[in-house]
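Here is a short report on a protein model. It covers strand pairing, cores and surface.

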Amino acid sequence: MYQTPREIVKASLTFATPQRMPRDLWVLPWADEYHPSVVKSLKDLYPPDFVTVESVYRPSPRIKGEKYDVGYSTDEWGCVFKNIQKGVHGEIENPIVSDIKNWQSVQPPYEILPEDKIKAAEKVNHFCEKTDKFVFADCCPRPWERLQFLRGTENAMMDVMVPDEGGADLIKLVHDFYMKELEFWVKTDVDAIMFMDDWGTQTQLLIPPRIWRELFKPLYKEYCDIAHANGKFAFMHSDGNIQEIYTDLVQVGVDAVNSQLFCMDMEYLEQNVKGQITFWGEIDRQHVLNSKNPQDARDAVKKVAKHLYDPKGGVIAQFEFGPGAEPENTFAIFDEWDHITS
């Protein structure tokens with residue numbers, strides 16, 4: 001029996017044997033700028049099974065500039081970023097909370113949330129009804145990264161090491177806003193919510209796992225709990241080597257995680273979490289996608305398949321088409337997954 005893209009993704013997430021491997025292509029503005037024909041061909045040959053619902057947020061008066069253009073931009077929290085390369089996101093410029101004692105000065109952007117929630121939900125539900133793809137909510141909680149945007153990375157590191165000086169309060173303020181967002185989205189017909197925080201360096205977690213478990217694990221559990229209580233899936237993204245907390249992500253209820261598999265020991269992941277969580281990609285952006293030899297991309301797919309693939313589900317064919325990626329490799333990745341799963 002034919003499965004729609006939505007049904008294929010759900011079958012993979014629940015280990016119910018999808019008809020084929022679910023596909024997800026992340027396209028950064030850089031790729032749209034420099035390889036528009038490649039992006040179009042990729043999407044035509046390998047249509048993604050995922051889509052994000054149209055926005056129902058109100059415009060924020062705090063937003064200035066375009067975040068993917070060279071120069072300065074300000075987001076809805078009032079954080080100012082400096083960008084030196086077109087097509088990618090910049091770095092924080094002059095954190096707006098220089099002293100943690102002033103954490104209460106932060107004003108979360110509640111003004112962007114839908115004013116008429118019933119009307120907004122109707123718009124979302126209409127979108128979901130008209131597509132057969134798996135639909136993500138248009139929100140992305142990121143408490144650790146938001147702390148860095150508000151305080152700067154060095155200050156944020158200190159905040160989590162001595163949270164009783166105001167860091168824990170600021171994290172809670174940010175988290176409360178995200179929970180308010182999620183309260184709206186989980187009552188709509190979207191299929192999943194997604195949250196993110198980049199936690200890894202090349203070799204280990206950015207902070208001691210004990211601190212992570214004390215401050216952030218409970219937040220992620222709340223995101224997963226509210227999603228599951230309303231029949232939604234919970235997806236997470238985190239860059240770097242996050243091997244130390246992979247079992248924690250399973251424990252809090254993350255259904256699918258997008259992570260840099262090639263920074264970690266895939267044999268460890270196979271032995272400890274395979275069959276308990278879906279690996280939402282990815283293929284190595286550091287050494288494979290920018291390789292001049294497409295065979296490297298095919299070999300990378302074979303490595304992921306060797307350790308993590310199961311016909312019942314648990315893997316999504318995903319990668320990011322961003323700066324430095326060679327177009328031939330992008331086609332090779334999806335083609336190789338087709339060969340493995342056919």
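## Strand 8 and its neighbours

Strand 7 (residues 192-196) and strand 8 run parallel and are joined by five bridges. Ala192 has Phe233 in strand 8 as its bridge partner. The model is a predicted one: local features need pLDDT of at least 70, side-chain atom pairs count only at pLDDT 80 or more, and totals for chains, interfaces and linings use all residues. Residues are numbered from 1 along each chain as its sequence is written, and side-chain values use heavy atoms, with hydrogens and water left out. Strands (E, at least two residues) and helices (H or I, at least four) are DSSP runs, numbered from the N terminus. Two strands pair if DSSP finds at least two bridges between them.

Strand 8 is also joined to strand 9 (residues 256-259), by four bridges, and these two run parallel. Ser238 stands opposite Ser259 in strand 9. Strand 8, helix 10 (residues 246-252) and strand 9 form a right-handed β-α-β unit. Right-handed means that, with the strands pointing away from the viewer, the path from the first strand over the helix to the second runs clockwise.

## Burial of strand 8

Six of the six residues of strand 8 (residues 233-238) are buried, so the strand is largely enclosed by the rest of the structure. Buried means under 20% relative accessible area (1.4 Å probe, protein chains only). In a regular strand the side chains alternate between the two faces of the sheet. Here both faces are covered. Phe233, Phe235 and His237 are buried on one side; Ala234, Met236 and Ser238 are buried on the other.

## Nonpolar cores

The largest nonpolar core has 96 residues. Such a core is a set of buried Ala, Val, Leu, Ile, Met, Phe, Trp, Tyr and Cys residues joined through side-chain atoms within 4.5 Å. Trp185, Trp199, Phe216 and Tyr246 touch the most other members. Helix 7 (residues 167-185) gives the most to this core: ten residues.

A second, separate core has 14 residues. Phe134, Ala192, Phe233 and Trp280 are among them.

Three strands form an open sheet in the order 3-4-5, with antiparallel pairing. Strand 3 (71-74) and strand 5 (91-92) are at the edges, each with a single partner strand, so one side of each is left without a neighbour in the sheet. Four bridges join strand 3 to strand 4 (residues 80-83). Thr74 has Val80 in strand 4 as its bridge partner.

Terms used. Buried means under 20% relative accessible area, exposed over 50%, partly exposed in between (1.4 Å probe, protein chains only).
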